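Hi everyone, thanks for coming.

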Amino acid sequence: MRALVLAPMLLWAGAAAAQDHSHHHAPEAPPTAAQEADPHAAHRAQAATASAYRPPALTDADRAAAFPFLHVAHDHGDPLMWMVQADRFERTQDDALAWEGKAWIGHDRGRLWLRSEGERAHGKTESSLEALWGKPLDAWWDVLAGVRHDDGDGPARDWLAVGVQGLAPYKFEVQATAYLGSGGRSMLQAEVEYELLLTNRLILQPRIEAVLNGRDDDARGIGAGLSETSAGLRLRYEVRREFAPYVGYEWSNRHGRTAEHARNAGEAARDRGWVAGLRFWF
Amino acid sequence: MGAPHDSDRRRLLRGMAMGGATLGLGLWQRPLWALTAPDQPTVLRGDAFDLTIGRTPVNITGRTVPAFTVNGSLPGPILRWREGDTVGIRVRNTLDETSSIHWHGLLLPANMDGVPGMSFDGIAPGGDYLYRFQVKQSGTYWYHSHSSLQEQAGLLGPIIIDPREPDPLACERDYVVLLSDWTDLDPARLFARMKKRSDYDNLHKRTVGDFLRDARERGLRATLDDRNAWGAMRMSPTDLADVNSHTYTFLANGHTAAQNWTALFAPGERVRLRFINGAAMTFFDVRIPGLTLTVVAADGQSIQPVDVEEFRIAPAETFDVIVQPRDDAAYTVFAQAMDRSGYTRITLAPRIGTQAAIPAPDKRPLLTMDDMGHGHPAPAAGEITCGAAMGMTGMNMDHGGHDAGGMQAHPASETRNPDVDMQTMSPAPRLDDPGIGLRDNGRRVLRYTDLRSLHAPDDDREPSRIIELHLTGNMERFTWGFDGIRFADAAPIRLKYGERVRITLVNDTMMEHPIHLHGMWSDVEDEHGRFLVRKHTVAVPPGTKRSVRVTADALGRWAFHCHMLLHMEGGMMREVRVEE
Ligand SMILES: [Cu+2]
């Protein structure tokens, strides 16, 4: 069967080659894998010898057709994009509502980021909101700089912020930001997350976070040094990529003077409990 | 439209007209490629054409959504031209956005090439454009929009050009098989989604269970080493397609696999199948169980016939294949996506209503470090470099330089570049590699070394210079470019009219990229610099370095880009400017 299919074509190939050699002025075979010459040579202006190839001579009409006057530039580029993402949006065991989310708008080379984190418990809200300009540092890391506003227990605080976020080797998602406030206050906050795929939709996400403060801020119940650490383990199911309910367990600890402040205010320095929430983006 | 030539009539009488029919499954009543009769593709022939770009509701997935169509059909009508004719095509745009038609693979004046911003201003809403050019070649080609992402929304169709002389490849039956990938999503939203979460469709990443299984089967040490290598690169070996069947429905001639577009034959007849991959983002692996495929043309150009059982077709490539089914039975033309996430099919049948078994998709392949040109670093190489920020000092080079000691050098612009997430260290042409997922599958698979043009180029001068371009990207950010520079920021590549250059493409990503140069041929060379085959689109798998020779015999501004539509949109594009 194969032979039947091939026979006419091989005959043709042979005939074409033979015929072409009559147009072909160069007796020596070109240094190519395919040894046949071009049958279209005859259609061209000149069937020159292979080594003396000349492109077709140009006319003014050719020149006009080649470079027409254009009013627009090619538009493939870098359109304005945006994204809103709630990493954590959850109810805790002691009936608080906690969230952590971010949004960005911009282009590949520069984006405005909004980040917010907070908790509303027993009628009291503590939150932070950041507005940052971010640009890529290298393939994996973005550098961000901007401002942060903290609200809640005690006086509000404003900060200048500079930080990095990105993907460390082994796909750890890392975010670290240094803050500088009025009155010589400073703060460092870092967060690492990882995604462990139980299946491609059932994902276990460990997460740790730490906050360091440069000096005491008694009005807000914060002590210098390592003030807070937390760890969480969340199991989510991605019904869609954009929509994933989860359950989890969260440990949080206040340390040093910050813990003392908490105890004095009748709060526990250590907190543990279940959470249930929704992770979503659009 | 001009009267058909006598030879055209004879061909018609011989039953060569394009045609087909669907099985009456009754599932999908809306014929997509059907203007004249159910499921008969519309063939427009002659030398004067009126095409209208518009918005047409289609129902492919069960939901009715608008598609961008030509003359109301998806894909657009087959345009059948004759070599040597001057064709005039008036294209009207009824969309509310600028549009265009590019004639893929055709040699024509730059102002007829249809690339907005390079060839012309595009076709404004409500406007029209008269394309008029002489057809200088024959074979199977296609057309598509070159405006933003309209091709993904359905703006594409086949071109068949009959040779001036009687066609030595004429067969009793002649069918176009236009493969494509369809999504109900607005393509702009798909692109935005890639920017937000580029692994959206990768639902086959390795899990904890896979780790345990691998540890059991291959040992803990080997499994940890493997996870370590991928983890260090921050990549996934299952990343074979940016977009897959999670988003796409794969189509053949506008029909789903379930709709089963059917092409008729009588046993013993020779059937020519003109495969066109019009997919935006999908490589297909094609086979017809029970039949030998004789590949007779690639990208419209005749090749020395080669018998295979399977071939991979990159987006924008075309292959003409001749088969000769002898049995009075149906055959499945099976086209599975490279990542094995899905397939489409048509049926070759002696009568309407018969069909053959559909093969199960192959096992999903995994990328290896070898696949990315990291398998055998030269002794001097020391270590793999992924993430171009690291350790690139002293490795910068001038373009056109050759790598020293087998270690690939990289342009300085890739260093510390956010749009470059890896670099290949020891790429090779690997033209004899069937490709990932096709090695040792028990079938004879077409390789690039099997492609031998029937005719050598007129121009066999040694290239006077080498232009080395690295295909680069950042999978996570979904940004793409050449040498780490995206189209928007890049200067044109300037060629002097008449010069012969070698363009060497080095793939510094983990994806395969079909690279397409407008207006001029790309003559693919083997690793010894010998001419293999003349193409318009050259697939460059990860970890490879492939060279083409180009004669700058077309004055003007030409697009040069990856034909993965979202890669082009993401920046993997250049202007090649041929000047006197
Ligand atoms: Cu690409």
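**Where chains A and B meet**

Okay, so let's begin with the contact between the two chains: 78 residues of chain A touch 89 residues of chain B. Keep in mind that this is a predicted model.

How much area is buried between chain A and chain B? About 7500 Å², and carbon and sulfur atoms give 59% of that. In case you're wondering about that number, the size of an interface is often given as the accessible area lost when the parts come together.

Now for the charges. Between chain A and chain B we count eight salt bridges. One for you to find on the screen is A:Arg109 with B:Asp419, where the closest N and O atoms sit 2.3 Å apart.

Which element gives the most to the side of chain A that touches chain B? That's helix H1(A), with 11 residues. And by class, that side of chain A has 49 nonpolar, 19 charged and 10 polar residues.

Okay, over to a sheet in chain B. Five strands make up an open, mixed sheet, in the order S2-S5-S10-S9-S7. At the edges you've got strand S2 (43–45) and strand S7 (102–104) of chain B, each pairing on one side only. On average, neighbouring strands in this sheet are turned by 25 degrees against each other, ignoring direction.

Let's zoom in on S2(B). S2(B) runs parallel to strand S5 (residues 78–82) of chain B, and three bridges join the two. Across from B:Arg45 you'll see B:Arg80 in S5(B).

Methods
Residues are numbered from 1 along each chain as its sequence is written. Chains are lettered from A and ligands numbered from 1 in the order in which they are written. This is a predicted model: local features need pLDDT of at least 70, side-chain atom pairs count only at pLDDT 80 or more; totals for chains, interfaces and linings use all residues. Side-chain values use heavy atoms; hydrogens and water are left out. Two strands pair if DSSP finds at least two bridges between them. Helices (H or I, at least four residues) and strands (E, at least two) are DSSP runs, numbered from the N terminus. Axes are lines fitted to C-alpha atoms, for helices over the stretch in contact, and angles run from 0 to 180 degrees between N-to-C directions. Contact means heavy atoms within 4.5 Å. Buried area is the accessible area (1.4 Å probe) that two parts lose on being put together, summed over both. A salt bridge is a side-chain nitrogen of Lys or Arg within 4 Å of a carboxyl oxygen of Asp or Glu. Ala, Val, Leu, Ile, Met, Phe, Trp, Tyr, Cys and Pro count as nonpolar, Asp, Glu, Lys and Arg as charged, and the others, Gly among them, as polar.
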